[in-house]
Amino acid sequence: MSTPASSTPNSGASTPAFLADPSKQHLHVPGLQPSSSEQSVHKIKNVPGYTTPVFKEKEEQRAKVQSTVAAKGFIPRELVANEVNWFYGHLGIDDTYFANESVEVISDHIIALFGAKVLAYTKHDPSKLVIDLENIDPNGKGATFIHTSPPGLTITEGPGSTCEARIDELYLDKSTPTNAYRLETYRSQGSISATASQQLRCYFVDKCNFPQNPPPSTRTDGKTDIRTVSDPVFLEKASENTLEIYQRVMWHVETRYGPVIEVFEVEGSRERRLVIGYKMGGTNKFFSALSNLYHFYSLYSARKYVEQFSNGITIISLYLNPLPGANAPPIEHSIFQVMKEASLLYCLPDNPFFYPGAGPRNGHAVQEATYAYCGWVFAQHFCNRLGASYLALKNILDESNPSHAEVLNDIKRRFREETFTRESIAQVIHAHADLINLLYVNFAMVHYPTDSASQLMPTLSYQRLQTQVPLSDQELYDKIRRSVHNKHELQVLESFLIFNKHVLKTNFYQPTKVALSFRLAPDFLPEVEYPKKPFGMFFVIGGEFRGFHIRFRDVARGGIRIVMSRNRENYSINQRMLFDENYGLASTQSLKNKDIPEGGAKGTILPSLGASPRLAFEKYVDAVIDLLIPGRSPGIKEQLVDLYGKPEMLFFGPDEGTADMMDWAALHARARGAETWWKSFTTGKSAETLGGIPHDRFGMTSLSIRQYVLGIYKQLGLREKDITKVQTGGPDGDLGSNEILLSSDKTVAVIDGSGVLADPNGIDREELIRLAKLRVPVGNFDKSKLSKDGYLVRVEDQDVKLPSGEVIIDGTDFRNSAHLRFKADLFVPCGGRPEAVNISNVATLVDAEGKPHFKYVVEGANLFLTQQARLFLEKRKVVLFKDSSTNKGKCLQMYKSPALTLALGGVTSSSLEVLAGLALSTQEYVDLMIFKDGKPSEFYENYVRDIQQKITENAAAEFHCIWREHVRSQGAKPRTLISDELSSTLNNLQEELESSDLYGDITNRKAVMRRAIPKTLVDQIGLDTLLQRLPESYQRALFSSWVASHFIYKYGVNASSVDFYHFIRDLSL
């Protein structure tokens, strides 16, 4: 039986124009109707695109069903034939159902339908007739769902209200190329009975059976042939023209990162077909959310299909019609809105502010609801949760006093946890839908692209904006103030105004996107909480994550960290602290980056529980790139409203959870069109294929950290073999393995993610080296190599008895606090969570006699100790060097070849990796930086030598500068504060130099650049060519960073103007 002509997508025998011309592969321009020259709605003929094979045994099956129903006795015998005949002949159920289901299941469904009719009769209301039939195959082969469904409405209660969400959850969201499910769903043509007008919605879910040996491709152009990646059932049912449409959509999906959305107009009818293609797993709960979307505009679907393909692509087809008699915009207009808002739904399909049953008069449209969601997340992070009371208390207490600092920290934590919760903010948003709408208009009037709206017909969202009388910021604030019931509500809604006022650009209105991104001006950050104002902020929101990027200078670099959560409670903590952690990491990075061109930056990504961290990272990167590259593809990536008005460059690096993702980000930036800066967009790329100097691949060395350790030994006349040491971060990590391989001390304890390894007589070094070379944690230590006093406690262990007789009840708890129990000469944190030593627990590092557990601390891990903890230890004569000085970029590496053995420092090597990417053309980069036959070029090896030299110079110069200043102050000034003062002085001087006219002196500029740029690069490219290629903002940063660092390291933080004059004079010599 053929499907009804009015409800299937197809075109005529000839290929549609858009399929014949690849240049027309764009979508509708937001806010505008398409021009006659570039149609974004493609006309197709009103003929079937899917066919349903006729079920030849249908009559034979009907007879068996009738006998079975009669035998069960529930339906009176004289009514059985009529009920069975109505079910088979008048409901309009597709033959797919009868071919798929057994006689027993169909019989049960007929009996269930009759029972529902009897129940509705007893209520004297035919509208109460509710049908809920389902059959889920226990072996995972598929399912059938049938329920009553009024056209054009999302049911909010009863079986139909959860059916599509269940299909998403059970089948579609979980589909993979090896375990995929396709879906056919349609509305029955007939009514349930002679007295009830309800129609049935039928869903047929079938597991795809992709052939192990697909048919050979007929294509000669290298493109994917849809027939080789399709399920045989789909190929049997789809017409040639449907295959052509899906084929083109598939090609577009393969070349883009986000969704592909196309609209088709059916000739001779008002039906429109929406076809959406995307990569499997790219979004969740999308199919059910689409129903809420088109119902919002009073459209109903005659048929819907979800097709899966073995190359990892999903294609959804919706066949939409206007609801008869509805007071709604014509489908000719509303289809564009559905198309635009489908891309927002793809980003945020599970939005609590776009709820089932919403309509133009009783709920937010998707755009308004998406704005509400973004404002909701923003308010969670930036409602001022400390306020005047905290500030007053802060001014009274002395933060250098550990007990005072602990009180302040406790109060701050309680304010953050209790004042503005997610739930309380959501309640305010739901309670003031009218104000949220006005706030959205306030946002859209600035960021909605309207350049050509005056000459072409605007879409519904643009028309909605024009019907609103826009209020000024003050008028809107006054209206909010008069409308709310309390100060709590005022602060929540005021945060939306703050959000609006500080968005400089956004991809909110881009036709295609995978997550929402906002470039924010950071002026709104309260100084009491964030004393150092960032230069720029990016705020990214996806369906399965949220994230930030903060930088403290225009030219800045830092790692992108994925913050994973073990459980819901841990996720809530991570969510509350996400921005503060990002701010702290970026601020620390700015201190570390003091002697390189790039200022400090950091990105954080918080995936939702159960979400893929890789997917979250990819969406985060793509959404940020949306704001870095001007859109030039109509209907795909278009020009944004840019209030910032200047080009921006960001440099990403590897951090926790992202070390293996830097290659993808660089290649994706190139695919997106960043031809001039894709090579420098990420550091830590793989050397062989992308010419990077990755921090996790070549690694064996912590060169700058070792400079500090060796510097202490030299200054104090110590022998390393006599030194006992404790380290966190094990042999599986970059820093931990490097520290083990380079040192020759007596290590008494190593703590890592797998557990605690300790031996007071010294851990067997050969076994430690074995683990470090294998890059495996201490949990793999051969316990036979321990002395009688040594032990290994893994995190999964319970009730372990130590050689001392102490019983460890829980291995994880023991590991989390083990760094506080050991004593040694030297402590080198090479891993661990931020603030592992803080003002609340630092006192445990001092024994009852006031003697510290450690004499020397070289802080390798980022933010391992809080500032108060560092000062506490220094006050007790601990020689301590903080992370921003010792660890210039988290990890350092070693590259070995027959020709050389090199140590690389993270921050400096990353900076020079950026420089190579900016300085070399793409062809030069391929020839010089990328390995050939697994071997590096001579240029690469020489360049790495240059990096080694600069790392050694910088680390040694800073160590001696701090040591000299401490001696000069006769120990009165802690090294921690000297390090901070050094970083602050360097950064301030660098900022002054960037804006000074000293850079304009060409002679001095060239003299500095010749010293600042590695000799290998200058010799290969030439200084003049380099100065032509490097962006001016980068050149200024490079010039000022070199001058500032070399001047301060030479003359100290108290250098005079005369010293600077002599320094500059000597440059030209």
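Asp-745 is buried, its relative accessible area being 5% (buried: under 20%, with a 1.4 Å probe and protein chains only).

The side chain of Asp-745 forms a polar contact of 3.0 Å with the side chain of Lys-725, and another, also of 3.0 Å, with the side chain of Arg-765. Such a contact is a pair of N or O atoms within 3.5 Å; within protein, one must be able to donate a hydrogen and the other to accept it, and residues adjacent in sequence count only if both atoms are side-chain atoms. Leaving aside residues up to four places away in sequence, Asp-745 touches Glu-720, Lys-721, Ile-723, Lys-725, Glu-739 and Arg-765 (heavy atoms within 4.5 Å).

An open sheet of mixed pairing is built from seven strands in the order 10-11-12-13-15-14-16, where pairing requires at least two DSSP bridges between two strands. Strand 10 (503-506) and strand 16 (651-654) are the edge strands, each pairing on one side only.

Met-537 lies opposite Ile-550 of strand 13.

## Basis of the values

Residue numbers start from 1 along each chain as its sequence is written, and side-chain values use heavy atoms, without hydrogens or water. For this predicted model, local features need pLDDT of at least 70 and side-chain atom pairs count only at pLDDT 80 or more, whereas totals for chains, interfaces and linings use all residues.

Note on methods:
Buried means under 20% relative accessible area, exposed over 50%, partly exposed in between (1.4 Å probe, protein chains only). Helices (H or I, at least four residues) and strands (E, at least two) are DSSP runs, numbered from the N terminus.
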